[in-house]
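Please look at the sequence and structure before reading on.

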Amino acid sequence: MIDKPGVDERLLAAEVADAWAVDLADLVFMPVGLDGHAWAYRVDTPDGERYFLKMRRGEFTQAAVLLPGFLRAQGVRQVVAPIDLPDGGANHRFGDYQLLLYPFHDGGSLWGRGLTDRQWIEYGEFLGHLHAVTPSADIAAVLPVETYRSSAGERLQTLGGQAAASETLGALWDRYGAALHRLSETVDDLTSRVAQAQHVICHADIHPGNLIADGDGPLHVVDWDAPILAPRERDLMFIYSQDFGDHPINAHRADLFRRGYGPLEPDQTMLSYYRSERHLDDVAAFLRSILNPEASPESRANDLYWLTRIAETIADPSYAP
């Protein structure tokens, strides 16, 4: 989220220092991510150590708190897991918010600069390892299970009228509204055609923006907010779609990925469903965010950029989920 939350950052810094017993020198807001209910800070210590603080309005899911540590214990080394509190547990309440503290990794996300050949292989190795992990009973109990029941179409119907009447969104809706409604129909059709498949642990948002690396260094996988038990195509959609990252997969990169992941023949209907549903869900989320009267002009412009990018993709005559 690029807008700062409405909190006293001095109190937040003191809370973090006390809860995790860290000697805090500075708390730096990081305008990253597109989640309207979550914010990020860098925590600096006097000796140069750094941490990544995530703050969410409301609650983190139990899966988001527990799964990363479980995966690290299973040897999935790329996972960035929250740091435990001295008294146990990982999440800490701060007023109406919940806090999680993570190790900080240098290098930034790979959305813009893309993955090197070595990192494409590791990308495959990571997902292959993740999808092979059997959840414990405790972890399985807190992981959501895929139902193929999306609320995105209903949200689009609800927000469409507001968008059409909006000064900010009216022109965009006139141009793309019909295509967005057709996408909703496409999702409904694909939902009726997806086949039952084995469920595995999925990250569910494993695009290059959630891969952190310093140069050609090892991958660090962040943003475990919405893991799910689902067919592996839930994650593989991000690999085989052209929509996520500025350097998407091609034949060479696909070969590298398979070298790490192992043999795979993704179900094409399933990939189409997940791609279409993700687009529809993102559209509904951006509409709601842009229509929020409390959003800053900067935040609204940022969300409008991403909404327009998705709408142009969907309206392109060559678009085929």
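This is a predicted model: local features need pLDDT of at least 70, side-chain atom pairs count only at pLDDT 80 or more; totals for chains, interfaces and linings use all residues.

Residues are numbered from 1 along each chain as its sequence is written, and side-chain values use heavy atoms, with hydrogens and water left out. Helix H6 (residues 170-191) packs with helix H5 (residues 152-165), with helix H10 (residues 297-315) and with helix H9 (residues 268-291).

**H5 and H6**

- The axes of H5 and H6 lie 10 Å apart at an angle of about 160°; axes are lines fitted to C-alpha atoms, for helices over the stretch in contact, and angles run from 0 to 180 degrees between N-to-C directions.
- H5 and H6 are therefore roughly antiparallel (angles over 145 degrees count as such; under 35 is roughly parallel, 65 to 115 roughly perpendicular and the rest oblique).
- H5 passes H6 in a left-handed crossing, meaning that the near helix is turned anticlockwise from the far one by less than a right angle.
- On the H5 side the contact (heavy atoms within 4.5 Å) is made by Gly153, Leu156, Gln157, Gly160, Ala163 and Ala164, and on the H6 side by Gly170, Trp173, Leu180, His181 and Ser184.
- This contact of H5 with H6 has 5 nonpolar, 6 polar and no charged residues; Ala, Val, Leu, Ile, Met, Phe, Trp, Tyr, Cys and Pro count as nonpolar, Asp, Glu, Lys and Arg as charged, and the others, Gly among them, as polar.

**H6 and H10**

- H6 and H10 pack at about 60°, with axes 9 Å apart, and are therefore oblique to each other.
- H6 passes H10 in a left-handed crossing.
- Leu172, Tyr176, Ala179, Leu180 and Leu183 of H6 meet H10 residues including Leu304, Leu307, Thr308 and Glu312.
- By class, the contact of H6 with H10 has 10 nonpolar residues, 1 polar and 1 charged.

**H6 and H9**

- The angle between H6 and H9 is about 140°, with their axes 9 Å apart, and the two helices are therefore oblique.
- Their crossing is left-handed.
- Among the contact residues are Trp173, Leu180 and Val187 of H6 and Tyr273, Glu277 and Leu280 of H9.
- The contact of H6 with H9 divides into 9 nonpolar, 7 polar and 1 charged.

**Cavities**

- There are 2 cavities of 30 Å³ or more; on a 1 Å grid over the protein atoms alone, a cavity is a set of points where a 1.4 Å probe fits but cannot get out, and lining residues have an atom within 4 Å of a point.
- The largest cavity holds about 40 Å³.
- Its lining includes Trp120, Tyr123, Phe238, Ser241 and His247.
- Helix H3 (117-132) and helix H7 (233-240) each give two or more residues to that lining.
- The lining of the largest cavity has 8 nonpolar, 2 polar and no charged residues.

Conventions: Helices (H or I, at least four residues) and strands (E, at least two) are DSSP runs, numbered from the N terminus. On a 1 Å grid over the protein atoms alone, a cavity is a set of points where a 1.4 Å probe fits but cannot get out, and a pocket is an open set with protein on both sides within 12 Å along at least five of seven lines; lining residues have an atom within 4 Å of a point. Grid points are joined across faces, edges and corners, and a volume is the space filled by probe spheres set on the points.
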